[in-house]
Amino acid sequence: MKILSRILMGLLVLIAVLFVFVQVRGNKSWDAPYPENNHASTDSTMIARGEYLAYGPAHCADCHGDPNQREAFAKGERIPLSGGLEMDFPPARIMAPNITPDEETGVGKVSDKELARSLRQMVGHKNNLIFPLMPFQNLSEDDLNALLSFIRSQKPVSNKVEPTEYKFLGKALVAFGLLKPEAGKPNPPQSVTKEP
């Protein structure tokens, strides 16, 4: 019985140590470099390109679009990127943030370089890890700048969205280095070929 009690005590201590380790290391702050060449433009061509990307190939509107207007979005309407979509996975309860330029609830106070780092490095403006659902780390510089330009050009929408919450599994993945920021390198711009 003494041996069994010691084994159980040892297991309990091990579980307690593991729990504390995950809680501490799973909430770590990330220090990632800011991209150098990314900034929003007021050029109408850049904004139009960014809008095309946001509602098309980059799929920004799929998650960041107003979840109450999904039907309109399915019909091809441009819905505000005011966030609020909730995705509940075992590692995290992911909340798509408001990415309109509202200063209180959106990204109005977030700098271009901080937004660019979110896409390039998967590190948010509060040095938090962004759950890797946006595989756009390798966007070309032009496309990233176009997205920034469109984001800045939108009408601000006041919509407070709760932050993403990592569950124990997600924190454990972070603590043991299995979930971490993924740095990207910009792809070269797409070349346009002329037909003969």
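This is a predicted model: local features need pLDDT of at least 70, side-chain atom pairs count only at pLDDT 80 or more; totals for chains, interfaces and linings use all residues.

Arg120 counts as buried because its relative accessibility is 3%, and the cut-off for buried is under 20%.

**Salt bridges**

- Arg120 forms a salt bridge with Glu141, and the closest N and O atoms of the two residues are 3.4 Å apart.
- This pair links distant parts of the chain, since Arg120 belongs to helix H5 and Glu141 to helix H6, 21 residues apart.
- Glu141 has a relative accessibility of 23% and therefore counts as partly exposed, whereas Arg120 is buried.
- The structure holds seven salt bridges.
- Another of these salt bridges joins Glu51 to Arg78, with 3.1 Å between the closest N and O atoms.
- Glu51 is partly exposed because its relative accessible area is 28%.
- Arg78 has a relative accessible area of 49%, so this residue too is partly exposed; the cut-off for exposed is over 50%.
- Lys109 and Glu104 form a salt bridge in which the closest N and O atoms are 3.5 Å apart, and both residues are exposed.

**Aromatic rings**

- A pair of aromatic rings is described by two values, the distance of the centres and the angle of the planes.
- The structure holds five aromatic pairs.
- In one of them, the ring centres of Tyr55 and Phe150 are 5.8 Å apart and the planes meet at 70°, so the pair is edge-to-face; an angle over 60 degrees places a pair in this class.
- Tyr55 lies in helix H2 (residues 44–55) and Phe150 in helix H6 (residues 141–153), so that the pair links parts of the chain 95 residues apart.
- Tyr55 is buried because its relative accessible area is 14%, and Phe150 counts as buried because its relative accessibility is 7%.
- Phe131 and Tyr166 form a tilted aromatic pair, with 6.1 Å from centre to centre and 40° between the planes.
- This second pair likewise links distant parts of the chain: Phe131 is in the loop between helix H5 (112–121) and H6, Tyr166 is in strand E3 (residues 165–166), and the two are 35 residues apart.
- Phe131 and Tyr166 are both buried.
- Tyr55 and Phe150 also belong, together with Phe73, to one aromatic cluster.
- A charged residue meets a ring where Lys113 lies over the face of Tyr34, at 4.8 Å from the ring centre.

**The sheet**

- Three strands form an open sheet in the order E1-E2-E3, and their pairing is antiparallel.
- Strand E1 (86–88) and E3 are the edge strands, each pairing on one side only.
- E1 is joined to strand E2 (residues 92–95) by three bridges, and the two strands run antiparallel.
- Within E2, Arg93 is the bridge partner of Asp88.

**Positive phi angles**

- Met122 has a phi near 65°, which is a positive value in a residue other than glycine.
- The loop between H5 and H6 holds Met122, and this residue counts as buried because its relative accessibility is 1%.
- Asn127 also has a positive phi, near 65°, and is likewise a residue other than glycine.
- Asn127 is placed in the loop between H5 and H6, but it is partly exposed because its relative accessible area is 26%.

**A nonpolar surface patch**

- Met1, Ile3, Leu4, Ile7, Leu8, Leu11, Leu14 and Ile15 form a nonpolar patch on the surface, and together they have about 890 Å² of accessible area.
- Leu8, one of these patch residues, lies in helix H1 (residues 2–25).
- The relative accessible area of Leu8 is 47%, so Leu8 is partly exposed; patch residues need over 30%.

Key:
Residues are numbered from 1 along each chain as its sequence is written. Side-chain values use heavy atoms; hydrogens and water are left out. Patches are made of residues with over 30% relative accessible area and no salt bridge: like charges are joined within 9 Å, nonpolar side chains (Val, Leu, Ile, Met, Phe, Trp, Tyr) within 5 Å. Accessible areas come from the Shrake-Rupley method with a 1.4 Å probe; for residues, only the protein chains shown count as cover. A salt bridge is a side-chain nitrogen of Lys or Arg within 4 Å of a carboxyl oxygen of Asp or Glu. Helices (H or I, at least four residues) and strands (E, at least two) are DSSP runs, numbered from the N terminus. Buried means under 20% relative accessible area, exposed over 50%, partly exposed in between (1.4 Å probe, protein chains only). Rings of Phe, Tyr and Trp (its six-membered ring) pair if their centres lie within 6.5 Å; planes under 30 degrees apart count as stacked, over 60 as edge-to-face and the rest as tilted. A charge sits over a ring if NZ of Lys or CZ of Arg is within 6 Å of the ring centre and within 35 degrees of the ring normal. Two strands pair if DSSP finds at least two bridges between them.
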